[in-house]
Each structure stands twice: as structure tokens, then as C-alpha cells.
Amino acid sequence: MNETLLMEKHFSLSTHLLKEAIRLNLTLEEFILLIYFEDAIDKSLNVELIKKSTSLSETKILNTFNTLMGKHLINVKSTKDIEGRRKEEISLLPVYQNILEIKEEETKNNTKIDIYACFEKEFGRPISSMEYEIIGAWIEKGFKEELVYEALKEAVYNGVTNLRYIDKILYEWQKKGYKTPKEVKAGLIRREEPKTEPIFDYDWLNDHDE
């Protein structure tokens, strides 16, 4: 999903605002004004027209407009009409961007690793309640799920499938400052690089005391 898609006609801002009103911290007046600007042909701050369409008072309209600006949910852009006269319009791009960020975060959360399922798959059995608690404790202590999964893969690769071994791997990585699988892989590559012996430019065959 992108901003262009969000702003197409078939996208219903009102539907998404209903779902995200709490996370966007919207008041009823803010919700009404946003829906007004979405549907209005004239997107200028025409207080008299807004009063007729929403039944909000002039004071409510102006105060709500200011709070929406303060929350960075709308902005004002300068445009020209067909006769070349400059006018100001209310842009809803900021609120679309906010909704986009919420949707992207939801997608990210939905695609997160199910770390417990990964353990059961690699162990070839259901994990016990004790094992579940230990894995959960790693996450609570700040180990990212993808790092725990990387430690699980390392243990399986070494033919060891118990949590004590994985715990040692995680804390060893923590001491080395590894926080992501990328950093772990970079560290393993450095560890496996062949060490070169020092070369001395010295003529051992002709070394003798004069």
C-alpha cells in the first residue's frame, strides 16, 4: 500500500478513520472535519460552508482546524484556479501518511517470526511450558526474535537441540555486541577467515657469526 493508493477514490478515509480514530487520538469534531474535507469539492477553509454542512459552530471549526494542524494531520497548500488566481486548499496527505504508517506496522507485526513454532519445528516436538517461559524470558530481556531464531539455527547446525546451549550462544553474542543476524553472520565470517602467518624478510641460511 502507498500514498497514491490511499488517495484514490475507492479508498474510504471515513472507514479507516473509524478503525484508527483511537490510535490517531481524534475527537468527534476532528473526525467530522476530516470527513468534510475528504468529501468537499471546495477544500478551502470556508467557515460558512462548513457550518452548513456539519452544524459545527464557527469557534469549533476554527479550534478543530488548529488542533488538526497541530497534530500534523492536515496542512495547507497553495494552488491556482483555472483563471490563474492563487488560493489555499486543505491537504489530507498527512492523515493518509499516518494511516499508511499504521497499516505498514500492522503488516510488519503480522509477518513477525512465530518463534515458538520455529522451536517446535526444529525440535520435532511440542515445547514444554518451561521451555515456553525460557524463550519468552529471552524476548523480555531484549533479545530480538530473529536473533533467537538465528541462535536456534546455530544450535541445530551443531547438532545440539536444548535451550541451555542456545542460552549460551545468545549471551556469547551479547558479550560480542551482536544484536542482529547480520552482525552475527559478519562475526562468523571474520572468525572463519584464514589467519596468515607473518613473513620475515630474513636470510636464515647465511646467518652466522663473523
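**Figure 1. Helix α9 and the glycine that follows.** Glycine 159 comes after α9 and has a positive phi, near 75°. The model is predicted: local features need pLDDT of at least 70, side-chain atom pairs count only at pLDDT 80 or more, and totals for chains, interfaces and linings use all residues. Residues are numbered from 1 along each chain as its sequence is written, and side-chain values use heavy atoms, with hydrogens and water left out. Helices (H or I, at least four residues) and strands (E, at least two) are DSSP runs, numbered from the N terminus. Helix α9 covers residues 145-157. Its 13 residues should span 18 Å at 1.5 Å a residue, and the end C-alpha atoms are 18 Å apart, which agrees. The expected span is 1.5 Å times one less than the number of residues. Buried residues of α9 include Glu145, Glu150 and Glu154, as well as Leu147 and Ala151. Here buried means under 20% relative accessible area, exposed over 50%, and partly exposed in between (1.4 Å probe, protein chains only).

**Figure 2. Helix α4 and its buried side.** Val47, Ile50 and Thr54 are buried in α4. They cover an arc of only 60° around the axis, so they lie on the same side of α4. The arc is that of the directions from the helix axis to the C-beta atoms. The buried residues of α4 pack against α3 and α5. Just after α4, serine 55 takes a positive phi of about 70°.

Figure 3. Glutamate 48 and lysine 51 join their side chains in a salt bridge, at 3.8 Å from N to O. A salt bridge is a side-chain nitrogen of Lys or Arg within 4 Å of a carboxyl oxygen of Asp or Glu. The two residues are 3 residues apart in α4 (residues 47-54), so about one helical turn separates them. Glutamate 48 is partly exposed at 47% relative accessible area. Lysine 51 is also partly exposed, at 30%.

**Figure 4. Two further salt bridges.** Arginine 23 meets glutamate 20 in a salt bridge of 2.8 Å, N to O. Arginine 23 counts as exposed, at 54% relative accessibility. Glutamate 20 counts as buried, at 2%. Lysine 87 pairs with glutamate 89, with the closest N and O atoms 3.5 Å apart. Lysine 87 is partly exposed at 36%, whereas glutamate 89 is buried at 18%. The count of salt bridges comes to 8.

**Figure 5. The nonpolar cores.** The largest nonpolar core has 25 residues. Such a core is a set of buried Ala, Val, Leu, Ile, Met, Phe, Trp, Tyr and Cys residues joined through side-chain atoms within 4.5 Å. Leu17, Leu24, Leu26 and Leu34 have the most contacts inside the largest core. Helices α3 (28-39), α4, α5 (58-70) and α6 (93-110) each supply at least two of its residues. The largest share, 6 residues, comes from α3. A second, separate core of 20 residues includes Ile115, Leu147, Ala151 and Ala155.

**Figure 6. Leucine 17 and its contacts.** Beyond its neighbours within four places in sequence, leucine 17 is in contact (heavy atoms within 4.5 Å) with residues including Phe31, Ile35, Val95 and Ile99. Leu24, Leu26 and Leu34 are also among its contacts.
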